[in-house]
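Thanks for passing this one along.

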Amino acid sequence: MAAPDAPLAGVKGVVTRPDELIDLVKAYNPNTDEALIERAWVYGARAHAGQFRASGEPYYNHPIEVAKMLTHLRLDDSTIVTALLHDTVEDNAGCTTEEVAEIFGEEIAHLVDGVTKLTKLQLTSRETEQAENFRKLLMAMSRDVRVLLVKLADRLHNMRTIKHLKPYKQERKARETMDIYAPLAGRMGMQWMREELEDLSFQVLNPDARKSIIHRFATLRKESGDLITQITDDINGALANAGIEAEVYGREKRPYSIWRKMEAKGEAFHRLSDIYGFRIITRSVDDTYRALGAVHRRWVAVPGRFKDYISQPKSNGYRSLHTTVSGRNAKRVEVQIRTREMHEVAEAGVAAHWAYRDGVPSDNPFAVDPFRWVRQLAEEIETTENPAELLEHVKLEMFQDQVFCFTPKGEVVKLPRGATPIDFAYAIHTRIGHSCVGSKVDGRRVPLWTKLKNGQAVEIIRAEGQRPQSSWEEIVVTGRAKSAIRRALKNDRRAADIRMGREIARIAFERIGKQATDKALDTAAKSLAVGRGDDLLAKLGSAEITGHDVVACLYPDLATPTVSEPLRASLEGPIYIGLAAGQDAIAGPCCSPLPGERIIGIAERGRGVVIHAIDCPSLGAFEDQMERWIDLRWNPDAGRNASNHALLEIVLANDPGALGRVCTLFGELGANISNIDFTERKTDFYRLHVDLELRDVKHLHHIIRALEAESVITQVTRVRQSAVGVTAGVE
C-alpha cells in the first residue's frame with residue numbers, strides 16, 4: 001500500500017464555488033463562519049476580475065488552490081480567508097490593507113499584509129539586499145507563523161504550475177525555492193512540502209538528472225517487480241506474527257532525495273541503499289517499540305542507522321523511530337515507525353497549532369511551539385551586521401540535521417550534525433563558550449575540533465581569562481557559536497585598538513606640549529563626529545584616523561602638516577637642486593625618498609617632476625626613455641626643516657607593554673608616528689606597518705638600529721611600496 005507523499009496537498013477536482021470550499025472546511029470545523037469565507041471569495045473574485053495567469057486560466061484559480069491546500073492542514077478560518085485574499089492588495093490598486101481590515105477585521109488584515117510583504121521580497125537578489133529581505137521575512141514569521149504557512153502553500157502551487165513561465169523566470173523561482181522556501185518548510189516540520197518543493201525545483205534546475213533517476217526506477221521495477229508491495233506484505237506479516245495492529249505504507253523516495261545522496265556519497269544509482277521508504281503507523285507508543293523489535297527480528301538491522309526521535313524529538317517537534325534494514329533481495333530499506341498522532345504532527349508541522357478537529361482547535365501534545373526557533377533566530381540576527389554572516393547563520397540553522405549530546409548532569413543538548421565541543425559550550429551559555437580551553441567526550445580528553453556523535457557525554461574544561469580564538473570560527477558550525485565568537489573577537493580587537501590609540505594620542509599630544517586628557521579626547525571625538533573618546537581611540541588604533549587629525553582639530557595652529565601629503569618644492573623652497581625655475585616636483589609614493597638618498601627626477605605630463613630614490617624599482621619602466629630623466633640632489637638643509645616619512649614593517653612580540661615600549665622609543669628618538677596598520681595578528685606576535693615622520697635617511701638608519709636592539713622586536717624592514725602613479729610611456 002503506497003502512502004501519498006503529500007496527503008495534505010489537496011484533493012482531486014477543481015473547486016469552482018464558495019460552497020465547495022466551505023464544505024472542505026466544515027469537514028473538520030463544523031462551526032466555521034460560512035458567511036466570512038463566502039464574503040472573502042466574492043471580494044477576491046471581484047479584485048482579480050479580468051486578470052489571468054501565464055497559463056491563460058483566470059488568476060483567481062490560484063488563491064482558491066492555495067486555500068484548498070490549507071483546508072487539508074485543517075487551518076482556522078482566518079488563515080483560509082487570508083489565502084483567498086493574499087494577492088488582492090498586491091495585484092489590485094483599488095484594494096488596501098485598511099479596506100481589508102474594515103471588511104474582514106484586524107487579524108485577517110494583519111495576515112494579508114504580512115503575506116503581501118513576503119511576496120514583495122526578492123530573496124535571490126544581491127547579497128546585501130537578500131540578507132535584509134531575509135531578515136524581514138524572519139521578522140514577519142516571528143510575529144505570526146500563519147503568514148509563512150500561506151506563503152509556503154502559495155509557493156507550492158506556483159511551483160506546480162511553473163512550466164507556463166519563461167525559462168529564466170522558472171530558473172530564478174526554482175533556485176529561490178530550493179535555497180529558501182524548501183528548507184523553511186522542513187524547519188517548520190512540514191517534510192512532505194519540503195520534499196515536493198525540492199523535487200519541483202530539481203525538475204527545473206536539472207531536468208536531465210531527474211529523468212535519468214526516474215528511468216532507473218522504471219528499469220528496477222521491470223527487473224525486480226513491485227518491491228514496494230512485496231516488502232509491505234513482508235512487514236505486515238512480521239507485525240501480525242507479533243500481534244501488533246498497524247498500518248504500513250511504502251514508497252520510492254523522490255528523485256531529488258536520491259540525487260542528493262548520489263552527490264553526497266559519490267556513488268552511482270545501483271550502489272545506493274535505502275531508496276525505498278516505509279512507514280508503520282501504530283496505535284500507541286508502546287506499539288512503536290514492539291514494531292521495531294518485530295522488524296529487527298525479521299531482518300538484519302544496518303549498524304549505525306537507528307535513531308530514536310521519540311525519546312529525543314527534533315527541535316521542530318518531529319517524533320518517530322528510524323531504522324534501516326536489509327530487506328528482501330538484500331535491498332536496504334528505511335523504516336519509520338510512529339503513532340497516528342506523531343504522524344499528523346510530522347505531516348502538518350507547526351500548522352498543527354492552528355488545526356481544528358470537530359470545530360475546536362486541536363489539543364495536540366506532540367506539537368511544538370512554532371515561535372521558539374523563529375524568535376530565537378530573529379533575536380540572534382538582530383546582532384548581525386554582516387549580510388554574508390546573516391545568510392550563513394540562517395542556512396546553518398535550516399539545513400543541518402541534529403545530534404543529541406549530554407552534559408555531565410545528564411541534560412540533553414541538541415546540535416547540528418558536525419558540531420564540535422565549542423558549539424556544545426556555546427549552546428549551554430555564551431560565557432561557557434568564551435572560557436572554553438578543552439573538552440572531554442565520554443570521559444576522554446579530545447581536541448576542540450572533534451565532531452560530536454549522538455549520545456556522547458561532553459564536559460567542557462574552562463579557564464578564567466580565556467578568550468575566543470580566531471581559529472574557532474573555522475571549527476564551529478552553529479550560527480549561535482559563530483555569532484558569539486565574532487562579537488567577542490570584534491570586542492577584543494576594539495579593546496586592543498583603544499590601547500593602541502591611547503598611546504598614539506599621548507605621543508601626538510606630547511609633541512605639541514599638550515596632554516591627551518579624557519576631556520580633550522571627548523572634545524576631539526565630537527569635533528570629528530566619531531562618537532565619544534573611546535570611539536576616537538579605537539579609530540586611532542585601527543588607523544582609520546591619525547594622531548595629526550586629532551591634534552589638528554583641537555590645535556590647528558600647533559599641528560604640523562601631515563606627511564601623507566606629498567612634499568612639494570614650492571612649499572619649502574628649493575628642496576631639490578637641479579630643477580628648472582618654477583618647475584613643480586612631488587616625491588614618488590612608490591619609494592618615499594629621504595634626504596641623504598641619491599635621487600632621480602622623472603618628468604611626467606601634468607605632474608611636473610616625480611622624485612624617486614635611485615634604487616626605486618619603478619625606474620625600470622623608464623630605462624628606454626632617458627630623455628625624461630633629471631639628475632637631482634637634495635638641498636643640504638632639506639633634512640632640517642622638512643618633515644619626511646618612511647614606512648617600516650615591524651614584527652613585534654605579543655607581550656604586555658611591548659607596543660608601548662616601541663612607541664616610546666620613537667618619541668625618544670625624535671620620530672613621530674603618523675599611522676599604524678596591523679597587517680597580521682597572531683597569538684604570539686604582531687606584524688605591523690608604522691608610518692614615521694623623520695628628518696633624513698641617517699635618522700632612519702639610527703631608528704632601525706635602535707629597534708633591532710629591542711628584545712621584543714624580531715624584525716625591522718623598510719617598506720618600499722608598490723609603484724603608484726607610474727606613467728611609463730607618457731611624456
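Predicted model: local features only at pLDDT ≥ 70, side-chain atom pairs only at ≥ 80, totals over all residues.

1. I'll begin with a charged pair: E473 forms a salt bridge with R486, and their closest N and O atoms are 2.7 Å apart. E473 sits in helix α21 (residues 472–475) and R486 in helix α22 (residues 479–511), so this pair ties together parts that are 13 residues apart in sequence.

2. In one, the side chains of K68 and E65 meet at 3.3 Å, N to O. These residues are three apart in helix α3 (residues 61–71), so about one helical turn separates them. K68 is buried, with a relative accessible area of 3%, and E65 also counts as buried, at 17%.

3. The other pair is R290 and D287, whose side chains form a salt bridge at 2.9 Å, N to O. Both lie in helix α15 (residues 285–298), three residues apart, or about one turn of the helix. Here R290 is partly exposed at 39% relative accessibility, while D287 is buried at 12%.

4. On to strand β19 (residues 644–653): nine of its 10 residues are buried, so the strand is largely enclosed by the rest of the structure. Which strands pair with β19? Strand β21 (residues 685–694) is joined to β19 by 10 bridges and runs antiparallel to it; in that pairing, L648 stands opposite V690. Strand β22 (residues 713–718) is also antiparallel to β19, with five bridges, and there I650 has V716 as its bridge partner.

5. Next, have a look at T323, in strand β5 (residues 321–326). Is T323 buried or exposed? T323 is buried, because its relative accessible area is 2%, and the cut-off for buried is under 20%. The T323 side chain makes a polar contact of 2.8 Å with the side chain of H296. Beyond its neighbours within four places in sequence, T323 is in contact with residues including L292, R305, F306 and V333.

6. Finally, the overall picture. The chain has 29 helices and 22 strands, and 52% of its 731 residues are buried. Of the contacts with a separation of 6 or more, 66% are between residues 24 or more positions apart. The accessible surface comes to about 34,300 Å², with 49% of it belonging to carbon and sulfur atoms.

Conventions
Residues numbered from 1 in each chain as written. Heavy atoms only, no water. Buried < 20%, exposed > 50% of the residue type's maximum accessible area, 1.4 Å probe, protein only. Helix = DSSP H or I, 4+ residues; strand = E, 2+ residues; numbered from the N terminus. Pairing = 2+ DSSP bridges. Polar contact = N/O pair within 3.5 Å; in protein donor to acceptor, adjacent residues only side chain to side chain. Contact = heavy atoms within 4.5 Å. Areas by Shrake-Rupley, 256 points an atom, 1.4 Å probe, with all protein chains shown as cover. Salt bridge = Lys/Arg side-chain N within 4 Å of Asp/Glu carboxyl O.
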